[in-house]
Amino acid sequence: MSREDVLVSTDWAEKNLGAEGVVFVEVDEDTTAYDGGHIPGAVKFSWTTELTDPVRRDVLSKEDFEAVLSAKGISNDDLVVLYGGNNNWFAAYAYWEFKLYGHENVKLIDGGRKKWELDGRTLTTEVPERKATSYTAKDADLSIRAFRDEVVASIGVKNLVDVRSPDEYSGKIFAPAHLPQEVSQRRGHVKGAINVPWSKAANEDGTFRSDEELTALYGEAGLDGKKAVIAYCRIGERSSHTWFVLRELLGHKDVKNYDGSWVEYGSLVGVPIELGASA
Amino acid sequence: MCGAPDQAVSLPVGTDLGKQTVLAGRVVAGGAPVGGAFVRLLDGTGEFTAEVVSSASGDFRFFAAPGTWTVRALSRSGNGEAVLNAEGPGLHQTEVAVA
């Protein structure tokens, strides 16, 4: 696996707008930005209403995933090129969900919407019309998804990587600093987890750091390359970003995203929690 | 939610400025507001903490903790930063000029 297999540059994206068999998809939690202007031809995905189950706290079911992709006009053999705001967090979550349901031909735009905008490239409010397809998903690949019991069983066994900010990890705050701090579950982190904030894997323009920088980052943080990895954050999207770095860019074989993340773990009764900064 | 919320709206109902430390301000270029700038909050050690996109009127806001913070803005009009010293809870405001 090399970067070219999983990432495209904004330059590549611009040169391939409208290319046969390539579908650009903008994903975000709040899709207001798409409505104000998006990459020409890009399809809109709301993470909140179209990539997560509307009732249960979960990813889409296989059937719902098939229905959404079919309605959006995405075929099994299309190359899906994902990007979004919030430093590609939700686009990375979408990437992980596409892989979960067996869509192999999927890539991220390096730097996402931020890089595209800072480059001064064209945005349009024109919404593309795509003919509906009949998309067929595979059964969920659970080798890339961790559930709560596995996280508890992995304490002291696997690498647990908490990718939230240092203050969320230490228990000083509940949520990222751009949000009100009103939630009520316990603070802290999974016992034994190391803290490598997702932001350390990215440059300020949103692009990923080099392989050499990334390897050094996780090595210095104490990640044991011979052991499996589970990444988590608060709701599972920042950890998708780190899952992408560890598995898709650095080629670690066994990396799972714990999408339940702190919102689930910090509400469980009796599980091991630690407070304080990383050692 | 976890993504950056719309920065154009006023403070959420129930925000207690006696308890919360809110850092707010406006991105400007030559005195004119810069909307759509990427505004990054860095802590006292320069570590990234959060990022939002400024509203059409250039406004941004973070919910942080008392301390010294750097607000750094990236935009098509250029980049810039400002330091905010929040000694305690309340609303702390600054202007970030980009060039």
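## Domains, chain contact and sheet

The centres of domain 1 and domain 2 of chain A, taken over C-alpha atoms, are 23 Å apart. The structure is a predicted model, in which local features need pLDDT of at least 70 and side-chain atom pairs count only at pLDDT 80 or more, while totals for chains, interfaces and linings use all residues. Residues are numbered from 1 along each chain as its sequence is written, and chains are lettered from A and ligands numbered from 1 in the order in which they are written.

Domain 1 of chain A covers 3-140 and domain 2 covers 144-274; the bounds come from an automatic or database domain assignment. Between them, 21 residues of domain 1 are in contact with 18 residues of domain 2 (contact: C-beta atoms, placed from the backbone, within 7 Å). On the domain 1 side, α1 (3-6), α6 (89-100) and α7 (112-118) of chain A give two or more residues each, and α6(A) gives the most, with eight residues. Helices (H or I, at least four residues) and strands (E, at least two) are DSSP runs, numbered from the N terminus.

The contact between the chains takes 30 residues from chain A and 26 residues from chain B. On the chain B side, β3 (38-42), β4 (48-53) and β5 (59-64) of chain B supply at least two residues each, and β4(B) has the largest share, six residues.

Strand β2 (residues 22-28) of chain A runs parallel to β3(A), joined by four bridges, and Glu26(A) stands opposite Lys44(A) in β3(A).

Chain B has zero helices and eight strands. Its C-alpha atoms fill a box of roughly 35 × 30 × 25 Å, taken along the principal axes. Of the 99 residues in chain B, 39% are buried (20 or more other C-beta atoms within 10 Å of a residue's own, with C-beta atoms placed from the backbone).

Technical notes: Two residues are in contact if their C-beta atoms, placed from the backbone, lie within 7 Å. Two strands pair if DSSP finds at least two bridges between them. A residue is buried if 20 or more other C-beta atoms lie within 10 Å of its own, exposed if 12 or fewer, and partly exposed in between; C-beta atoms are placed from the backbone.
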